[in-house]
Amino acid sequence: MQVLVAFPGDPESYLKSGAERSMTPPSPCPHCGSHRKLRLLGYYERFITTTTGALERMKVRRFRCRDCRHTVSLLPNFCLSYRLVRGESVARFLRGDGIDALDLPWQELLLRCRRRFESWIPKLEELTHSAFGVHWNGLPPHLVWTGMEAFFGGWTEARHRILSRCGVTMLGAYCCHAPGVSGGDHINRLFPSGTDPPI
């Protein structure tokens, strides 16, 4: 299970401060609802681009429920699931602002994100219309993205609301976002760093 953590900084501040060490487990367990404190399981590593355009290795904290034995990982919200490029760079590119000079090394990955988003729009529109009563009326992709940001109040809030209500991301559907689906052991919730998610 994957829980989005509302981290107040950028990748550099996360790395410099060792923020993964101070994250507390959610309570109750997002899988089974147990109120027993989740046990620290350790970390896994992944890569993320930084605001300087560098590629850095970061740690993501993991916990295990003492009752149901499922794991929970705490992913900072500047990361996108299964994406190397940080979320703000992807959002800037998809809203049509172009590629920042620092993100030029990641141009091909950004282009892949755009192609993925463009192919995902019909299903995303179907889901968001059903869940929120909005649709994008065949707008060009960059206007669909900016429309979502405007409707939800930014890309991070759009991401959280769409995940919470539809069980998908703005770039696709993954089994890690659908608890109970075979092979899926992830869900996304947003809660402030260091505190428990709302019950």
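**Entry 1. Helix H3, burial**

I looked up which residues of H3 are buried (under 20% relative accessible area, with exposed over 50% and partly exposed in between, for a 1.4 Å probe and protein chains only). The list reads Leu-110, Cys-113, Phe-117, Trp-120, Ile-121, Leu-124, Glu-125, Thr-128, Ala-131 and Phe-132. Helices (H or I, at least four residues) and strands (E, at least two) are DSSP runs, numbered from the N terminus. The model is a predicted one, in which local features need pLDDT of at least 70 and side-chain atom pairs pLDDT 80 or more, while totals for chains, interfaces and linings use all residues. Residues are numbered from 1 along each chain as its sequence is written, and side-chain values use heavy atoms, with hydrogens and water left out.

I then asked what covers these positions: helix H2 (87-94), helix H4 (141-152) and helix H5 (155-166) are included in the cover of the buried residues of H3.

**Entry 2. Helix H3, geometry**

A straight helix of 26 residues would span 38 Å, but H3 (residues 107-132) spans only 32 Å between its end C-alpha atoms. I also found a bend of about 50° at Ile-121, with the proline Pro-122 following within four residues. The bend is the angle between axes fitted to the seven residues ending at a position and the seven starting there. After H3 comes Gly-133, with a positive phi near 75°.

**Entry 3. Leu-110**

I selected Leu-110, which lies in helix H3. Leu-110 counts as buried because its relative accessible area is 1%. I listed its contacts (heavy atoms within 4.5 Å), leaving aside neighbours within four places in sequence: Val-85, Ser-89, Val-90, Phe-93, Ile-99 and Asp-103. The C-alpha atoms of Leu-110 and Ala-91 are 9.6 Å apart, at a separation of 19 residues along the chain.

**Entry 4. Nonpolar cores**

I looked up the nonpolar cores (sets of buried Ala, Val, Leu, Ile, Met, Phe, Trp, Tyr and Cys residues joined through side-chain atoms within 4.5 Å). The largest has 29 residues, and those with the most contacts inside it are Val-90, Phe-117, Trp-145, Met-148, Ile-162 and Leu-171. H2, H3, H4 and H5 are the elements that give two or more residues to this core. H3 supplies the largest share, eight residues. A second, separate core has 21 residues, including Phe-7, Val-60, Leu-74 and Leu-163.

I followed Trp-145 further. Beyond its neighbours within four places in sequence, Trp-145 is in contact with Ala-91, Leu-94, Arg-95, Phe-117, Trp-155, Met-170 and Leu-171.

**Entry 5. Helix H5**

I repeated the span check on H5. Its 12 residues should span 16 Å at 1.5 Å a residue, and the end C-alpha atoms are 16 Å apart, in agreement. The buried residues of H5 are Trp-155, Ala-158, Arg-159, His-160, Ile-162, Leu-163 and Cys-166. Gly-167 follows H5 and has a positive phi near 75°.

**Entry 6. Loops and backbone**

I examined the loop between strand E4 (71-76) and H2, where Ser-81 lies. Ser-81 counts as buried because its relative accessibility is 9%. Its side chain makes a polar contact with the side chain of Gln-2 at 2.7 Å. A polar contact is a pair of N or O atoms within 3.5 Å; within protein, one must be able to donate a hydrogen and the other to accept it, and residues adjacent in sequence count only if both atoms are side-chain atoms.

Tyr-82 is placed in the loop between E4 and H2. Tyr-82 is not a glycine, yet has a positive phi of about 65°. At 54% relative accessibility, Tyr-82 counts as exposed.

I noted Arg-69 in the loop between strand E3 (55-64) and E4. Although not a glycine, Arg-69 has a positive phi of about 70°. Its relative accessible area of 47% makes Arg-69 partly exposed.

I also recorded a cis peptide bond between Ser-27 and Pro-28, with omega about 0°. Pro-28 is in the loop between helix H1 (11-17) and strand E2 (39-49).

**Entry 7. Whole chain**

The secondary structure comes to five helices and five strands, in the pattern β-α-β-β-β-α-α-α-α-β along the sequence. Of the 199 residues, 46% are buried. Among contacts with a separation of 6 or more, 60% are between residues 24 or more positions apart.

Terms used
Expected span 1.5 Å × (residues − 1).
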